Structures are given as structure tokens and as C-alpha cells.
Amino acid sequence: MWRRVTNQGATIFAVVTAIVVIVPLLAIFAYLVFKGIGSVNIAFLTQTPKPPGETGGGMANAIVGTGLILLVGSAIGLPLGIGAGIYLAEYGRNRFGDVIRFTADVLNGMPSIVIGIVAYSLVVVPQKHFSAFSGGVALGIMMIPTVARATEEMLLMVPNVIREAAYGLGIPKWRTTLSISLRTASAGVITGCMLAFARVAGETAPLLFTAFGNQFWNLKLNQPTAALSLQVFTYAISPYDDWHKQAWAGALILIMLIVGAVAAVRVTTSRGKLKGVG
Amino acid sequence: MPDTVDPMNPPEPLGQLQRPVTAMPPLAQMDQTRKPGQGSAVLQKIRSSHPRSSRIPDATFRVLIALTAVSVFVIVVLVVWELIDKSRLSLHQFGISFFWGRDWDPVNGNFGALPFIYGTLVSSFLALLLAVPLSIGVAVYITEMCPVRLRAYISFLVELLAAIPSVIYGLWGIFVLAPLLREYVEPFLARTLGWTGFFTGPMYGLGMLAAGIIMAIMVVPVIASITREVMTAVPQNQREAVLALGATRWEMIRMGVLRNARIGIVGGVILGLGRALGETMAVTMVIGNRPEIAKSLFAPGYTMASVIANEFTEATGDLYLSALVQIGLALFIVTLIVNALARLLVWSITGGTPRASA
């Protein structure tokens, strides 16, 4: 009898925890949509911020700035990450490979604010001012471990016979790796890249003292640049009601960017699979 | 001796022939040099003797690829070096006593990190206290109880929690969670548990409690996904054996699954701790940012990550900046140890390299 009661109790507990975990998720999305959708309009998407106290204005410069910083980040993080992944899978079955694997793990667990400090002292201090480039460096560094591990895992799943078949046809190793192994694994590698992208797209902490933020348009890499996440942060902790509304709108755009990236992954990978292996 | 050799009775064993027929060593011997992932030595030999040799492009490719791998190593070394180099001033000035100094007084150039360490520890442990039962409950529900059709959806929703940026949690914390705490939860806690001393004082909504709750929500997907992974690694016949002895489902989960998976679950919890310690934005937005050590969870606090986030760009003077970097260095070392410990524990269960996500 008592055992049956405990069993029922445990079942109820597990169901309740599942509900308790999922409720905040739904609540966050509901609030984002309800609060954000009212403030997203043409002005929000095309104008720069108004000075405090004035209503209106938008985050167009921050949306473009986020794009710019992510572009620099991807240009640094993706080649280095994919390259390191190829090394680990194709050449790295040795002591040195283990060292690289360990350092990638260290980088993966590093708090993002610490990466911000390092990007500040490596790029901002020599350059003598905050810049989109330094923000991109910080985000790029954060992308490397995720991309490298995904690439390695996917390449290791490519059967060795495919490589040997290519060697048998007289194809050199570099060509085999790029056009056969990597191509076979491309769906998984792209997924890894997009996950890394989605992970850094909403990052704020490493941008605080690298990209710094900007109330005006800026497309130069060596100037302080606005970013969506930074703008949401600044507006959320400000005392102005109008800015609070814009913070919700900015957050909505940000989450749509991230969800869009993840959805794009699903589309490309399923299309890649249809084409067939290799 | 006749010139012809009887094939059935060779004068010496074939394996010990001194002069092989060709200049190449026997295939079997060459194949011993083969390592997994490197291709066969035979193939490499054949390719390098091929008239259209590809040795130079291959070597170039190998060097380029190795350079990208080395860059990962170099970046981590640079990070450590920069943190040590930039905090040198503060390390010299305060030494190790920096970590138990209670004063944070930028005006007089007196820096002690204890309030931040206290805030980081208390908010992280509060987060774990809330998140651990929740995550284990969710993992048990998903792996053992949930109808198969729902399983993928629920685990997808839990993973989605991990994809929401920290700053959005902070936004939600300021405008939804904090008012909720201020109006309903904190008065209730003060009435029922006020005598413990943890739930007294003015109720702002923003404070240690809010930070702990927000962080708990963010840590749940980390712990839940690792717990799920190690629970799936428990062999099915363990479950069947316990059930066959007449156990109820809960007894089966407790004795057959959780007991076998406990080391891995502890690893997952520690991995969650690592994430909580380094968490910056959401906590900065809801913790109240006041460098003081208060017993009450309603009171505002400050964490190591949030003091860097708030004061780094405003730091005037080299010593101030250096003190902030030293906090960053401490944060890095602590998360490094915590993550390494967690990985060892998880590996000991799942055996092999787990997914790189965390």
C-alpha cells in the first residue's frame, strides 16, 4: 500500500516538474510576442534611437550592427573551427590532438565575460578605441570550440572505406578530405556552425567593452557599433517607459533572428540529405 | 643439392626468407604502421611513388590545417597570459588577501572581492537548489514516464530554453519575475519563513532570490540534458531485472536507474554549476548590484561576473581595472576546475566523448 502511494507521488512529482520547467519557457515567449509585437513597426526597423525622453525612433542601426559583428565573428570562428575540426578528425589521433581537444573544451567552458576582457586587452587597447571588429573577435573565439567539435564528430562518422575508395582512384589526401569527407559530412557541419552562430548571436557580455554600442549609424569596422543585445540591455535597465517597450521589441527581433538561423539549418540539412551522401 | 626446391619441404621456413623477391617489404609488415584515421601506409607509399605526385599540396594542406588547430591552443594560452598580465598590478598590491577583503572602494583604491565571491556562490547554489530537483524530475519524466509520442516535443522544448539569450532572461526577470516576487512570493515567504532570517527586510523584487530563480531556469536544460544522457546509458536489462523482482515503477527508477547513473548526474550538476558561475547578463539585470554581504535573500547582491560587466568600462585608474581583471582571472580558474571535474564524472558514465554542448 505504502509503496503504491510513493509510486504515485513520484509520478506526480515528475509530471509537475515537467510542467514547472516548460511554463517559464512559454511565459517568456508569450511576453516577447505580446509586448514586442506592438512596438515593432516601420520606424523601429528603419530609424536610429531618439534621445532619452523623446518617443519613437528605432533600432535599425543595432540590427545592422549585430549583422556586421556576426559577420566578422563568423569570418574568424568558422574557418578556424572547421580547420581545427578537420585536424582533430583526420590527423589528430595523437597526443597533440588530445591537447587541442582539451584546450577547445577549456575555451568552451570559459565565461563569456572573460572572453570580453581578453578581446578588450588584445584588440581594443592596441587600437585605442572600441570597435565592431573587436566584438567580432570575441564572438569568433566563442564560436571556435562548438564548430570544431561538431566538425570532428561529423567527420569521424564518415566511413573509412569512402576515403580509401578515393585514395584508390589516386585522389590526393587534401582533395579527399575537402571534396569527399567534408562534403559527406556537410549537413552535420553546417548544423554545428549554425548552432554556434545562434549561441553567440544573443551574446551581450563580451560586447559590453568591445563593440560598446552606438546611438548612430556606423558601418566602419574600427568604430564603436550598436548591437541588438546591447541595446536591449541598455534599454531594459533605463528608467524610460518608451525604451522598455523598445527593449521588448528588440528582444523579439533578436529571438526571431536566432530561431530563423536554427530553422534555416533544418531546411538546408534536410535538403542536403535529399541530395544523397557525397 | 638439386636446383629445384620441393614446394612442400622448403629448405628454410618462408617467413624467414632473407632476400624478398621485390624491393618492397612484405605488405603485412607495412600495414603495422597504419594508424586509424591516417589511411593505410601502403596507400601512402603507392601515392608517393605515383608519377603525378601530390606530396607538396598534401603537405601544404596538412600544415594549414595544423595551423588552425594550433590557433585554438594559442588563443587559450593568450587568454591566460592576458588575464595574468593585466591583473599583475592588483596581484602585487593585494596578493591573495584580495579574495577575503570586504571593502570595494574604488575612490580610495581599496579593493576586496569577498562581496562578489559571496554573491556568486550564494546565487549559484540557490540556483542549483532549485534546478537540481526540477532537472532530475524532468529527465525522469522524459526518459521513463512520458508517452513516446510526446518525448521528442518535450525534450525539444527543454533544449529550447538553452537557446534563449541571457539578456532576454534578464529582460523577463526585470519586468515579469521581479514584480511577481515583490507582490506575491516575497510577502508570502516573509510571513511563513521569516523566522529563519533568510527572508526578511525590504522587498524590492530585484535581489539575490530573483537572481537565483532566473539562473535556475537557465541551468535546468544543462543538467536535464546530461541527466537524460546518462540515464539512457543505463542498460535496459537493469530496469527489467528490478521490475522482475516486483518493484513499482518508482522503485525501479530509484534502484535500477538513478543509482546506476548517480555519478553522471553529479557530473551534470557540476557542469550546471560551471554555467551558473560564469553567467553574466541575466544576473546583472536582476541581482540589484550592491556590493554587500547580507543574510537575507531579499537583499540586493553582486556577483563576480556582473561587477566586471558593470564597472569595466567605467574603471578609472590602472589599479581599478587590474582588480577587475583579477576577478576575471579567479572566475576563469574556478570555472576551469569545475568544468574539468564535471567532464571526468560524465565521461566515467557514458564512456567516451560526450557532446560538446554545455
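Visitor: In chain B, what share of the contacts with a separation of 6 or more comes from residues 24 or more positions apart?
Guide: Keep in mind that this is a predicted model. Chain B has 13 helices and two strands. Looking at its contacts with a separation of 6 or more, the part that joins residues 24 or more positions apart is 73%.

Visitor: Which helix of chain A gives the most to the side that touches chain B?
Guide: The contact takes 81 residues from chain A and 76 residues from chain B. On the chain A side, the top contributor puts in 19 residues, and that is helix H1 (residues 2-37).

Visitor: How many residues on that side of chain A are charged?
Guide: The side of chain A that touches chain B has 55 nonpolar residues and 17 polar ones. That leaves the charged group, which counts nine.

Visitor: Over in chain B, why is helix H8 described as largely enclosed by the rest of the structure?
Guide: H8(B) covers residues 208-233, which is 26 residues. A residue is buried if 20 or more other C-beta atoms lie within 10 Å of its own. H8(B) is largely enclosed because the number of its 26 residues that are buried is 24.

Visitor: Where does H8(B) bend?
Guide: At 1.5 Å a residue, H8(B) should span 38 Å, and its end C-alpha atoms are 37 Å apart, which agrees. Still, there is a bend of about 35°, with the proline B:Pro221 following within four residues. The bend sits at B:Val219.

Visitor: At what angle do the axes of H12(B) and H13(B) cross?
Guide: Helix H12 (residues 304-311) and helix H13 (residues 318-350) of chain B have axes that come within 9 Å. Their crossing is left-handed, and the angle is roughly 145°.

Visitor: Which residues of H13(B) make the contact with H12(B)?
Guide: The residues of this contact divide into eight nonpolar, one polar and one charged. H12(B) brings B:Met304, B:Ala305, B:Val307, B:Ile308 and B:Glu311. From H13(B) come B:Leu324, B:Ile327, B:Gly328, B:Ala330 and B:Leu331.

How values were computed: Residues are numbered from 1 along each chain as its sequence is written. Chains are lettered from A and ligands numbered from 1 in the order in which they are written. This is a predicted model: local features need pLDDT of at least 70, side-chain atom pairs count only at pLDDT 80 or more; totals for chains, interfaces and linings use all residues. Two residues are in contact if their C-beta atoms, placed from the backbone, lie within 7 Å. Ala, Val, Leu, Ile, Met, Phe, Trp, Tyr, Cys and Pro count as nonpolar, Asp, Glu, Lys and Arg as charged, and the others, Gly among them, as polar. Axes are lines fitted to C-alpha atoms, for helices over the stretch in contact, and angles run from 0 to 180 degrees between N-to-C directions. A crossing is left-handed if the near helix is turned anticlockwise from the far one by less than a right angle, and right-handed if clockwise. The expected span of a helix is 1.5 Å times one less than its number of residues. The bend at a residue is the angle between axes fitted to the seven residues ending there and the seven starting there. A residue is buried if 20 or more other C-beta atoms lie within 10 Å of its own, exposed if 12 or fewer, and partly exposed in between; C-beta atoms are placed from the backbone.
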